[in-house]
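Please look through the sequence and the model shown below before reading on.

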Amino acid sequence: MLKITDLVKRYGDGDPVLKNLDLTIEGESVVSIIGSSGAGKSTLLRCINRLVEPTSGSINLNGVELTGLRGRDLRAARRKIGMVFQGFNLVDRLTVMENVQSGRLGYISTWAAMTRRYPKEDIRRAYQLMERVGIAQYANTRADQLSGGERQRVGVVRALMQEPDILLADEPTASLDPKTSEQIMGLLRDLAGELKLPVLINIHNVTEAKEYTDRIVGMRYGRIIFDDKPAMLDQAAMDEIYAGSPHADRGKVDAT
Ligand SMILES: Nc1ncnc2c1ncn2[C@@H]1O[C@H](COP(=O)(O)OP(=O)(O)OP(=O)(O)O)[C@@H](O)[C@H]1O
């Protein structure tokens with residue numbers, strides 16, 4: 001279970017971009033985060049995997065408090081958080097298998113990784129996952145030879161190789177054409193069910209959020225103002241999530 005309580009993030013001495021945010025994700029649900037540009041969606045995801053340092057509050061994953069972790073403890077906690085990126089973040093000159101195995105870094109020795117001596121079990125698991133997402137035939141192909149959809153499948157398998165407790169996806173389909181985008185969203189939804197994995201997706205495409213996720217969290221200027229099933233996201237809720245300006249919001253914050 002991911003339990004975020006009273007999370008605040010402030011960059012430098014600016015206004016907070018996450019304002020006392022609470023969010024709990026249980027089980028294998030697929031949750032999307034929607035909201036205008038600048039609402040704080042990426043910052044929230046990055047606080048969870050500690051690419052961004054939270055200012056205050058608590059982020060607890062399966063009983064482990066993630067805020068304040070350092071060094072070895074932080075690395076161990078990060079292994080349990082899979083991340084899928086908009087730009088795939090693959091190493092182009094490496095093969096698909098090498099990219100996928102980089103998800104095992106932190107589990108195997110640096111020497112084994114450098115000499116590509118992957119444990120048999122890791123190779124077996126990689127093939128199993130690559131077959132599941134339809135890229136096994138590219139195991140020895142350089143990553144830069146693949147299409148966008150195939151590259152994102154590599155990104156997904158790499159994240160799953162970490163044996164994560166949760167999968168975070170930061171605009172995973174924003175670089176893809178509409179059809180491929182739907183395929184990747186469908187894949188994330190199906191994998192969440194098959195692997196009993198909670199998935200948290202930051203996404204701009206509201207139609208896809210409604211179609212492929214179980215729950216939609218709507219953010220506006222650092223606050224969660226909608227958290228419900230997709231069917232409940234009506235026009236009024238959409239207007240509230242996407243309307244207004246930072247100044248209008250600041251007025252409200254000041255008034256409280
Ligand atoms: N490293 C940073 N330093 C300072 N301010 C930042 C930094 N990263 C983000 N911000 C600011 O924090 C706010 C929230 O940004 P964030 O990227 O989390 O929003 P978002 O909802 O993900 O937007 P988008 O949909 O455009 O990616 C914005 O005002 C942004 O300018």
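## Overall form

This is a predicted model, and its chain contains ten helices and ten strands. Taken along the principal axes, the C-alpha atoms fill a box of roughly 60 × 40 × 30 Å.

Buried residues make up 38% of the 256 residues in the chain. Among contacts with a separation of 6 or more, 68% are between residues 24 or more positions apart.

## Two hairpins

Strand E1 (residues 2-10) and strand E2 (residues 16-25) run antiparallel and are joined by six bridges, with Arg 10 standing opposite Pro 16 in E2. Five residues lie between the two strands of this hairpin, and Gly 12 in the turn has a positive phi of about 60 degrees.

Another hairpin is formed by E9 and E10, which have two residues between them, and here Tyr 221 in the turn has a positive phi of about 45 degrees. Five bridges join strand E9 (residues 215-220) to strand E10 (residues 223-228), again in an antiparallel arrangement, and Arg 220 stands opposite Arg 223 in E10.

The residues around the ligand are Tyr 11, Val 17, Gly 35, Ser 37, Gly 38, Ala 39, Gly 40, Lys 41, Ser 42 and Thr 43.

Helix H1 (residues 41-48) is largely enclosed by the rest of the structure, because six of its eight residues are buried. The buried residues of H1 are Lys 41, Thr 43, Leu 44, Leu 45, Cys 47 and Ile 48, and both Lys 41 and Thr 43 also belong to the residues around the ligand. After H1 comes Arg 50, which has a positive phi near 65 degrees.

## The nonpolar core

The largest nonpolar core has 61 residues, of which Val 157, Leu 168, Leu 188 and Val 199 touch the most other members. Helix H6 (residues 148-161) gives the largest share of this core, six residues.

When residues up to four places away in sequence are left out of the count, Val 157 touches Val 100, Ala 126, Leu 129, Met 130 and Val 133.

How values were computed
Residues numbered from 1 in each chain as written. Predicted model: local features only at pLDDT ≥ 70, side-chain atom pairs only at ≥ 80, totals over all residues. Buried ≥ 20, exposed ≤ 12 C-beta atoms within 10 Å, placed from the backbone. Helix = DSSP H or I, 4+ residues; strand = E, 2+ residues; numbered from the N terminus. Pairing = 2+ DSSP bridges. Near = placed C-beta within 6 Å. Core = buried A, V, L, I, M, F, W, Y, C linked by C-beta atoms within 7 Å. Contact = placed C-beta atoms within 7 Å.
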